[in-house]
Amino acid sequence: MATTAQDIAAQWQPYGKKLASGDVIPAIGFGTYALPEASDCIKAVAQAIVNGYRLIDGAAFYNNETYVGRGLRLGVTKAGLKREDIFVTSKVWPTHLGYQKTMDAFFKTLNDLDIDYLDLYLIHWPASAQNFENWEELNLATWRAMAQLYSEGYVRSIGVSNFKEHHLRALLDTSIPPMVNQLEVHPGYSQESLRQFCRMQGIVVEGWSPFGRNRLLSHELIVHLAAKYQCTPAQLCLRWALQLGVIPLPKSAQLEHMRSNLNVLGFEISPADMQLLLDLDREQVGYSGEDSDTVRFDM
């Protein structure tokens, strides 16, 4: 078993996924949503990098990109790495959809993070009929900005988040289709048909809320299977995602959990047990209730 952060990072490297851009996205990420503020956020991001994480997932909506950027620089320095060793993601929020607003939001994010480029930029939520009369036009205008940022080298890969099939279809007809779709994916909410659609389109799926907002960690089946595989409930959820071909994005400010979440390569869930976990979809265990067609945003 790996014993150092460098060993752990090297172990994970073969599991990364190649994007349509040609870049390889690491197979597990470190989420930065709702991290503690200021110095604690800086410390958490730095610790994540020092302990082997190479994908840092952020967003303008998280209101912590200044601290995430400082943590990124601190972690890179402490780990003896370079900026290009870390895959940095951010997202544009619905209040900034549209061509010019997206451009402005992107460069604010770049300035807040204090970096020269992003590895991945996502549309955080699609414009939908619930929030916008011209939702299809707005998504396309936003995507035009994303494609321009990609073509000009400000971002190395582009994609979306929380997009359903009908949101994706218009973007798939553009010259640069989405490369990633970040979705809520966990036992109890696997989004199987949407994941299969993305796979057929060459879109890599990332999974947010891999523990179902921590509700899964005490679920009877999860606890039972974790004992069977001699792992933690969190490790079981992460391994399940990996075996589905999903890049999970766990978050923890606790060092012990950070390390534990990377230690999921030493066991494999059987097909029968994978199916039991997929069957939890009937209960929608841990589902956030956030549907991209019905969620409302304060505009």
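Me: Which residues of α4 are buried?

Reply: The model is predicted: local features need pLDDT of at least 70, side-chain atom pairs count only at pLDDT 80 or more, and totals for chains, interfaces and linings use all residues. Numbering starts from 1 along each chain as its sequence is written, and side-chain values use heavy atoms, without hydrogens and water. Buried means under 20% relative accessible area, exposed over 50%, and partly exposed in between (1.4 Å probe, protein chains only). Helices (H or I, at least four residues) and strands (E, at least two) are DSSP runs numbered from the N terminus, and in α4 the buried residues are Thr102, Met103, Ala105, Phe106, Thr109, Leu110, Asp112 and Leu113.

Me: What do the buried residues of α4 pack against?

Reply: Packing here rests on contact, which means heavy atoms within 4.5 Å. By that criterion, the buried residues of α4 pack against α3 (65–79), β5 (87–92), β6 (120–123) and α5 (135–151).

Me: What distance does α4 reach from its first C-alpha to its last?

Reply: Helix α4 covers residues 99–113, which is 15 residues. The expected span of a helix is 1.5 Å times one less than its number of residues, and for α4 the expected value is 21 Å. The distance reached is close to that, at 21 Å.

Me: Where is glutamine 284, a residue with phi near 50°?

Reply: The phi of glutamine 284 is a positive value in a residue other than glycine. With 42% relative accessibility, glutamine 284 counts as partly exposed. Its place is in the segment after α11 (271–278).

Me: At what angle do the axes of α2 and α3 cross?

Reply: Axes are lines fitted to C-alpha atoms, for helices over the stretch in contact, and angles run from 0 to 180 degrees between N-to-C directions. The axes of α2 and α3 come within 7 Å of each other. They cross at roughly 40°.

Me: Which word describes α2 relative to α3?

Reply: Angles under 35 degrees count as roughly parallel, over 145 as roughly antiparallel, 65 to 115 as roughly perpendicular and the rest as oblique. The axes cross at roughly 40°, and that makes α2, relative to α3, oblique.

Me: Is the crossing of α5 and α6 left-handed or right-handed?

Reply: The two helices, α6 being residues 165–172, pack at about 50° with axes 10 Å apart. Trp135, Asn139, Leu140 and Trp143 in α5 meet His166, His167, Ala170 and Leu171 in α6. A crossing is left-handed if the near helix is turned anticlockwise from the far one by less than a right angle, and right-handed if clockwise. The crossing of α5 and α6 is right-handed.

Me: Which backbone oxygen does the side chain of asparagine 51 reach?

Reply: Asparagine 51 is found in the loop between α2 (38–50) and β4 (55–57), and is buried because its relative accessible area is 11%. The side chain reaches this oxygen at 2.8 Å. The oxygen belongs to glutamine 47.

Me: Which residues does tyrosine 33 touch, not counting those up to four places away in sequence?

Reply: Tyrosine 33 is in the loop between β3 (30–31) and α2. At 49% relative accessibility it counts as partly exposed. Tyrosine 33 touches Phe61, Tyr62 and Lys251.

Methods. Polar contact = N/O pair within 3.5 Å; in protein donor to acceptor, adjacent residues only side chain to side chain.
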